[in-house]
Each structure stands twice: as structure tokens, then as C-alpha cells.
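Me: I want to go through the labels on this model one by one. For each, tell me what rule lies behind the word.

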Amino acid sequence: MDGQSGTDNEAQPGGSFASVVPREFWYPFALVTTLFALWGFANDITNPLVKAFKEIFLITNQQSSLVQTAFYGGYATMAIPAALVIRKFSYKTGILLGLSLYAIGALLFIPASNNMAFGLFLVALYVLTFGLAFLETAANPYILSMGPPETATRRLNFAQAFNPIGSLIGMIVASNVVLAGLQVGDFRQQQMDAHPEYATMLPGEVDGKVTEALEAYAENEPEAHGEMQSHDLRVVRTPYVVIAMVVIGVLLVFLLSKLPDTGHEEDPIRLTELLGRLATFRYVGGVIAQAFYVGAQIMCWTFIIHYGVTLLGLPAAMAQNWNIAAMLTFLVGRWLGTIFLLRHVDAGKALGLLAVGGAVATLGAIFTPGLPGIVCVVAISLFMSVMFPTIYGLALSNLTPNDAKLGSAGLIFAIVGGALMPPLQGGVIDTGTLSIGPLAVPLGFLSSEPVRASFALPLVCFFVIAAYGFAVASKPKAE
């Protein structure tokens, strides 16, 4: 960030690309922007693994949601170390380390699949997201720093607009390569074909019957089931090995490229002073809002497959197509938000209004049965589209480039919301009850269908985000 890391009011008329990204930054901006697509791919090829691993390893929804705990837990573990490395050395150093860890984590899918061990897959995802934590901690503030502070939030939104492109590719690969290639999916279809009476049953009942048949198959024919597991895990690992090769290629490009150093600092960190500068509502509230945003995003994108399978009776690959529709909606929303909304509406107010829209769509997902319900789940993505970078820009307003490097760590740490909340939603789907420690809240009053009731969790998240957005809009920026 040039002196200041961002602004919360980008509503100026006009504004060409050159005014948002000065000419001298065009090449580094384009190169760093590729990273947004790379971590988008990793995020959204991983979400369907929650459903896939549930069936491959015959575990509960809550257990399979540990995929998200490992994935987003890696962000939480490495965010602060990444920020310290970037502050001491440079953004480029952080990016090179991030790409290296990304490739290593993806390649760990090979021994995980060979050993058919769910725990090893979790380790691989954990290491992979060490790399993503470095990339996001470096790339977001680096983009903010590539130009004047008054266009910083628009610049970050523009770069972030390429994130859903990577996400969309990841979703398409998940649907057409991973989910469509699983033999466990073929087994489910064979059960459906063998039992025409399932056509008269509710989708949730059918899902339970097929799962019982799969468990019986694993018990009665362990060798055949083991061969099916081995095949399916090889299918799962293939795209990760391919993306590892792509990441290594991008690593070489960065290694050979000269990138501007928009600020690194040799002075020791004065922790008390730094915490004092970060102890503002704008920053601390932004970290909290970001945790709830990421939690809402990951819950909506992970469990849309469960919504389609258990409520509409769709095969997993077809249910994933609704996830692709959600990402296309998200992509359109990101471009519209960047080009129009944030140029004409105060960023805090825009965030609050979008969160209200997300809450309304979530209520539709909870209370609207059938096809309109899953359409509401898709619509949530329209309102989520610019939330992450907008919260990011708002939270880092008024920080120096070097303070922003460490401040960025808090916002990347906030991605831990994606690690903590999906298992809670998985638990609701398994039991119909939200359990947090000794607290157990039955959600049957919302819906007799646990998948539908589980969307109460993202609803709460949108209320928190709306409160932050409107509160920031009501306070002077100098705060």
C-alpha cells in the first residue's frame, strides 16, 4: 500500500484501468493476479471432497467436514508466520515460499491415495494451505500497494475478480473428472436402478437406504470394496498432481521475474505499538467479519451438494453443477460489484446491503422447498461476490505498507472461519442439532429437513457482516 492501504469510499465517477493500476505496475499486477486464480482452483476443487470422502471412506458428514478443518486450519496456522517472513524479506519471497508449499501439499496426495488413508489426505490439505496462506498474505496487500490509495479497494476487487475463474475451473474439474469418475457414484446409481420403489420415497430416505447398502457391501465384500476405494482415490488425486505441475511452472516464472518492492522493513517489530495501531473497530471488526464471511462462503459452497442430493434426489455430479451455477453467479457479481457498485456506493454501506441480501436469500434456502430452495442457495453467491476484498480493504484502511503486511495476517487468519463452521453444519445435518461444546440447540423448528435447517448458520454470519458494514459506513474513516 502506498502510504495508506486502502479506502472505504471508492465512489468516484469514471476511472480507467490506468488510473486504478498505474502503467509501471501492469506486469507485476498481471503476474500476481494469476495467484488469485490458483488458490481459487484449490479452494473449489476441494469443497466437493467433503461429500466424496464421506462415501469413499464411509464416515459421517461431520467427520468428512474435517476436510475443511484441515484446509482452512492451514491458513490459520501459517498466516502470522507468513506475514513475519514477508515483512522481513519481501512480497516476492512470500510468494515463492507459498508456491513451493502449494506444490508439495498437492503432491502429498500421491502417498495419501496409495495408502488409502483419510488422515494423510488431511495432512496433504493442511500443508497445501500453508502455501495458500503465504500467497494470500502476500498477494492481497501487494495488490493494494500497486497504485494510489484512493483506488486500492477497487484494485483489489479487480484482482479478486480472477479468483472465481480459478474456482470455476476447479468446480468443473470436480464435477466432470472427480465426482463423475467415482465408482461409488456408479454404485449409488445401480442401487437406484435396482429399487424402483425409491422413486416414491423422499430423497433423504433414498440417500439413507443407499448408504446402508454401501456399508453392507463394504462388510460383505471387503476386497471388492477396497478395489473401488483404491480406484476412487486415484481419481481424486489426479487433478492435484496436475495442479502441482502448473504451480511449479508459475513458481519458475516468479523466480525469473523482477518485481517491485513496495516496502519491506528491517526495523524490529514493536509489538505494543503495532497492536495499538491495529486496535481499531475498523481492523478488529474486519477480522471478525472476515471470519464469519469465509465461514458462510464455505458452508454454502460445501453443502449445496448435500442440498441437491438429499432434498432434490440428484446424483452428486449433477448437484455439483448447481455449485458451478453458484460460482458463475459469484463471478458475475464480482465484476458487477467492482465495475459499478463500488464506484458509486460507499464500501461499508455496500457491504451492509449485500449482507442483508445474502440473509434474505439464505432465508429462502431454509424455508422454500424444492427447486426454488436450491436456486436461493445459488443466489447467495451473488451477494457474497465482493464481500471478501471489500472487508479486506476496509480493515486495512490507514495502515502503512509494513503495518498492512502484519495486519493482512489477521485477515488471512480469519479464514479459520472456514475451518470451524462447516463441521458445525455437518453436525446439524447428521443430528438436526447445533452442538457447540455443552450447548446443544435443536433446529427442527426451522425445518424437518436437517440440510435445510443447517443454513441457519450462514444466516447468522450475514447478520454479523451487515452489522460491520453499516457500522463502518457510519464512522469517519480517520477512526
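Me: Why is Asn114 called exposed?

Reply: Exposed means over 50% relative accessible area, buried under 20%, and partly exposed in between (1.4 Å probe, protein chains only). Asn114 has 53% relative accessibility, so Asn114 counts as exposed. A caution on the source: this is a predicted model, where local features need pLDDT of at least 70, side-chain atom pairs count only at pLDDT 80 or more, and totals for chains, interfaces and linings use all residues. Residues are numbered from 1 along each chain as its sequence is written, and side-chain values use heavy atoms, with hydrogens and water left out.

Me: What makes the pairing of Asn114 with Arg237 a polar contact?

Reply: The rule asks for a pair of N or O atoms within 3.5 Å; within protein, one must be able to donate a hydrogen and the other to accept it, and residues adjacent in sequence count only if both atoms are side-chain atoms. The side chains of Asn114 and Arg237 are joined at 2.9 Å. In sequence the two residues are 123 apart, and their C-alpha atoms are 9.8 Å apart in space.

Me: Why are Cys300 and Cys376 called buried?

Reply: Cys300 has a relative accessible area of 1%, so Cys300 is buried. Cys376 stands at 19% and therefore also counts as buried.

Me: What makes a space a cavity, and how many are there of 30 Å³ or more?

Reply: On a 1 Å grid over the protein atoms alone, a cavity is a set of points where a 1.4 Å probe fits but cannot get out; lining residues have an atom within 4 Å of a point. Points are joined across faces, edges and corners, and the volume is the space filled by probe spheres set on them. The count is two cavities of 30 Å³ or more.

Me: Which residues line the second largest cavity?

Reply: Its volume is about 30 Å³. The lining of the second largest cavity is Lys54, Glu55, Leu58, Arg188, Thr211 and Leu214.

Methods:
1 Å grid on protein atoms, 1.4 Å probe; cavity = no way out; pocket = protein on both sides within 12 Å on 5 of 7 lines; lining within 4 Å.
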